[in-house]
Amino acid sequence: MGDVDVLFLHPSTYVSTSDGEVVRYVAVPMGTFALADLLERNGYSTRIVHVGLKRMLDPNYKVENLIKALEPTLVGIDLHWYCHSYDAIKLADCVKRCTNAKVVLGGMTASFFADEILSSFDCVDYVIVGDAELPMIELIKALMKSTEVSDVPNLVYRKGSAVKRSRRAYLASSEDLDKLTCSDLKLLEDWDLYVRLIHENDVLSPKLKTQGWLMIGRGCSVNCSYCGGANLAHRKIFGRQQPIFRSPEKVAEDLRAFEELGISCAYMDFDPYTNRKFYYKLFELVRKEGIDISSQFLIWSLTDRNFVQDLKKTFNPLYTTLTISPETGSDFVRLKNKGFYYDNQSLLRWLEMLEEEMVPAELYFASGLSGETVEEFNKTMKLGERILRTYNNVVAISCNPLFLEPCSPRFLLPKKYGIRLKFRSFSDFYKTYKYLAEGTVPPSRLGYDTEYLNESQIIELSSKFNEVVGSILEGENLTQHCA
Amino acid sequence: MEFKIEARMPPRLFSKVSLVYSGIGLRYFHTGFIPSGLMHLGKWVWRFYPLTLVRLDKTQEQHEEVLFSFCFIYQSINGKRFFVTQPITFVDDIREGFEFFIENIEDFAKEACLNGVDIELHQVLDEYVSYPTSYTCISYDLSSISCNHDVFVEQLRSMGYKEYVKVWTYGIAPLDDDEQTVCLQDVSPESVSRMFIYENLFSYRSWTLPTLEHGLKPFGTPQIAKFASRDGLTEAAFILRPDLLEFAKKYRTPIPQLYQKTLGKYPFSNLKVVMWLAKDIDTLLASLKKLIHSETLKGFKRTEIAGVEDRLEEVKRALSGVGFRPACYTTILSKELV
Ligand code: SF4
């Protein structure tokens with residue numbers, strides 16, 4: 001028996017560049033913290049190690065040494081985001097080389113490709129498909145008692161050379177989520193560095209804010225064409241028909257814990273209903289309890305003024321922003337791709353209202369949307385420029401090429417969305433990130449062409465947008481301060 | 001007791017004291033990272049260091065924020081240096097922590113091969129000091145904090161720091177014009193700045209942070225720039241700024257300049273002469289009187305003049321003579337590291 005029962009490893013994504021290795025996508029899914037805490041409370045010792053952070057601190061870091069020293073019974077590797085496809089498997093392989101520990105993967109990407117992963121990679125013993133709380137407890141219990149795992153809910157496992165699925169299913173309810181604590185970041189080694197870097201990849205740059213992701217609920221009520229976390233994906237992977245929320249009391253508890261950890265800004269990215277009834281309750285609680293923290297609130301649809309005023313009086317204004325992703329400057333393209341639709345005029349009116357209410361906004365656009373031509377993208381360029389020149393309270397604006405997300409509507413229904421898929425299986429994602437980690441150019445980065453644009457055009461359009469925005473901001477800085 | 005320094009600016013700071021950030025990258029501030037840096041010895045170094053001193057209680061696994069200071073690297077006339085703005089304290093007993101804080105800053109500055117460390121400390125003498133309260137890009141509402149000027153000065157002296165400069169700010173309520181002979185003319189702020197940098201015919205001038213790098217000194221639109229002339233000859237020049245702290249407090253924002261529409265209509269009460277130069281003291285006084293009188297007519301109730309160096313005894317005497325009262329003074333203490 002080793003020092004910990006369950007070791008959670010977060011893979012990170014390595015990209016080799018001319019300047020050496022860069023670690024990308026630093027964030028750890030909040031579910032990992034909840035799982036580690038849940039296991040601890042059920043009597044199992046756990047540890048979370050962020051392999052990417054370790055390598056940032058020490059380029060010679062070897063995770064093997066830690067695994068050998070801890071001798072865990074089970075190693076959990078999150079494969080929620082597709083960008084970790086290669087590094088998650090590489091880690092699993094590393095575990096197998098140095099211990100007899102069992103390896104379990106979880107998260108949306110692992111869930112969606114569970115069968116293929118287990119058929120192709122011997123280093124992975126199990127995949128938990130969908131919600132993992134009860135399955136994780138039952139899995140470690142079975143392993144510690146050396147009993148059969150076939151009864152563990154949501155488990156996909158190997159029996160001989162066959163890949164099998166457990167017959168038992170588990171779908172977390174709001175009540176189940178309320179039993180979780182998602183704010184014990186101290187379970188992660190180097191957590192204090194993590195909260196500084198969660199959105200940045202540079203250890204050395206001094207940040208004003210520290211950030212923690214808040215777990216508010218699961219699911220979505222709509223289907224954006226490009227989103228791997230859309231309603232369709234939740235139905236298919238989890239069996240969840242509609243979004244569920246934790247209780248405002250539990251979320252407020254996590255906010256309090258964040259404040260006590262010195263986290264200055266809560267990243268709040270769960271907004272599946274336009275009425276936002278949940279948030280009015282939560283905000284009232286936060287105010288009542290005097291929790292002093294900022295919020296980067298990502299809205300999925302436009303809000304009314306009431307909501308903005310309520311947000312403003314609840315959170316510390318230092319880092320509080322409202323973040324929205326209009327994705328495009330073309331109403332036609334937005335209608336075709338976004339689950340929550342609004343036109344440009346409504347967006348501009350909303351920004352105007354934000355300016356009046358003195359709330360800063362962050363905006364994100366994308367290239368590679370369905371139905372987008374170069375001409376339509378020019379509308380994105382124009383809208384971005386106009387917004388930047390009109391609203392000083394827009395504090396961030398950028399454009400990124402869309403990557404193909406597993407289980408997104410366009411992945412599942414490429415014809416409907418005018419997409420030509422280049423990635424169809426897990427191995428396509430795996431190989432792409434392997435190429436990037438090794439410093440070679442993958443045949444495809446985004447995983448698709450659209451009916452009007454090829455990959456390089458899609459990438460080029462985003463760069464053009466960011467160049468224009470960059471030069472406006474640079475000019476602004478110079479003129480602002482020359483007096 | 002164990003301490004550590006973390007690069008972050010706690011939200012608690014903003015709950016404790018209203019502040020205005022007016023440096024480079026105004027838009028970036030809220031996102032939590034100001035992407036500004038400079039080349040130093042062939043390497044890229046980051047510009048801003050928001051430093052929080054934390055006291056650790058290992059037995060209870062707790063930490064407590066003790067002190068915060070917004071710091072930056074700048075190119076001064078004395079080489080590249082580390083500038084430490086007024087430390088804001090969260091606890092009463094700060095001596096032990098402050099020494100640790102400064103020692104660590106010195107170690108950092110030495111490692112980065114910087115020439116020295118400068119520390120700005122304020123001593124408040126009046127009820128209120130208007131924006132900018134600092135000679136840098138971060139200004140605090142000094143009436144809501146305790147600056148601990150004398151405690152810090154004493155401690156820094158014992159650590160080898162010497163006074164580099166002491167600068168006064170004076171304030172006055174409405175002032176009579178009594179028919180001054182100078183003529184005021186609106187000009188661009190750039191023309192005053194240019195005159196400030198290149199013109200050395202003016203014997204009297206305000207003290208500013210000795211750097212030409214942009215985005216480190218206080219800034220704030222709207223701003224007023226004036227030339228004062230006699231017989232067609234420019235004899236004095238001024239840049240004035242309304243009190244952004246009033247706005248910051250009312251609307252709870254650290255960056256009023258992101259809201260120009262509301263800012264443009266805001267009825268400010270206080271105004272500050274932040275940059276000035278004059279051929280002689282008579283001209284300075286005559287122009288100031290005229291200036292304050294005309295701004296009073298526009299609704300300003302109080303005017304301050306900053307940047308009065310302690311050594312300018314005649315200016316200080318003259319200001320007192322017409323009714324200006326000291327609002328605060330700022331001491332900058334320095335230590336050379338090479
Ligand atoms: S609103 Fe759209 S992008 Fe956001 S989670 Fe739902 S489907 Fe995904």
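How many residues does the contact take from chain B and from chain A? The views below start there. The model is predicted.

**View 1. The contact between chain B and chain A.** Chain B gives 47 residues to the contact, and chain A gives 46 residues. Together the two chains bury about 4,100 Å² between them. Of that area, 59% lies on carbon and sulfur atoms. Three residues of chain B supply more than any other three: Arg27(B), His30(B) and Tyr259(B). Their share is 20% of the area that chain B buries against chain A.

**View 2. Polar links across the contact.** Between chain B and chain A there are 17 residue pairs in polar contact, both at pLDDT 80 or more. The count of salt bridges between these chains is three. Look for the side chains of Glu352(A) and Lys261(B), which meet in a salt bridge at 2.9 Å, N to O.

**View 3. The side of chain B that touches chain A.** Several elements of chain B give two or more residues to this side. Among them are strand E1 (2-7), strand E5 (48-57) and strand E6 (62-76). Helix H4 (189-198), helix H5 (244-251) and helix H6 (260-265) also belong to the list. The largest share, four residues, comes from H1(B). By type, the residues of this side divide into 23 nonpolar, 15 polar and nine charged.

View 4. Salt bridges that share partners join Asp192(A), Lys4(B), Glu6(B), Arg8(B), Arg12(B) and Glu65(B) into one network. Zoom in on Arg8(B) and Glu6(B). Their closest N and O atoms are 2.5 Å apart. Are these two residues buried or exposed? Arg8(B) has a relative accessible area of 3%, so it is buried. Glu6(B) has a relative accessible area of 17% and is buried too, because buried means under 20%.

**View 5. A salt bridge within chain B.** Lys316(B) forms a salt bridge with Asp310(B). The closest N and O atoms are 2.7 Å apart. Lys316(B) counts as buried, at 10% relative accessibility. Asp310(B), at 24%, counts as partly exposed. A search of the whole structure finds 52 salt bridges over all chains.

View 6. The side chains of Arg240(A) and Asp131(A) meet in a salt bridge at 2.6 Å, N to O. Where do the two residues lie? Arg240(A) is in the loop between helix H10 (231-238) and strand E12 (244-245) of chain A. Asp131(A) is in the loop between strand E7 (126-128) and H7 of chain A. The pair therefore ties together parts that are 109 residues apart in sequence. Arg240(A) is buried, with a relative accessible area of 3%. Asp131(A) is buried as well, at 2%.

**View 7. Helix H7 of chain A.** This helix covers residues 133-145, which makes 13 residues. From its first C-alpha to its last, H7(A) reaches 19 Å, close to the 18 Å expected at 1.5 Å a residue. Its buried residues include Met136(A), Ile137(A), Leu139(A), Ile140(A) and Leu143(A). In an α-helix, residues three or four places apart point the same way, because there are 3.6 residues a turn. Just after H7(A), Ser146(A) takes a positive phi of about 55 degrees.

**View 8. Gly25(B) in its loop.** Gly25(B) is found between strand E2 (19-21) and strand E3 (37-40) of chain B. At 3% relative accessibility, Gly25(B) counts as buried. Gly215(B) is 190 residues from Gly25(B) in sequence, yet their C-alpha atoms are 8.0 Å apart in space.

Terms used:
Residues numbered from 1 in each chain as written. Chains lettered and ligands numbered in written order. Predicted model: local features only at pLDDT ≥ 70, side-chain atom pairs only at ≥ 80, totals over all residues. Heavy atoms only, no water. Expected span 1.5 Å × (residues − 1). Buried < 20%, exposed > 50% of the residue type's maximum accessible area, 1.4 Å probe, protein only. Contact = heavy atoms within 4.5 Å. Buried area = accessible area lost by both parts, 1.4 Å probe. Salt bridge = Lys/Arg side-chain N within 4 Å of Asp/Glu carboxyl O. Polar contact = N/O pair within 3.5 Å; in protein donor to acceptor, adjacent residues only side chain to side chain. Nonpolar A, V, L, I, M, F, W, Y, C, P; charged D, E, K, R; others polar.
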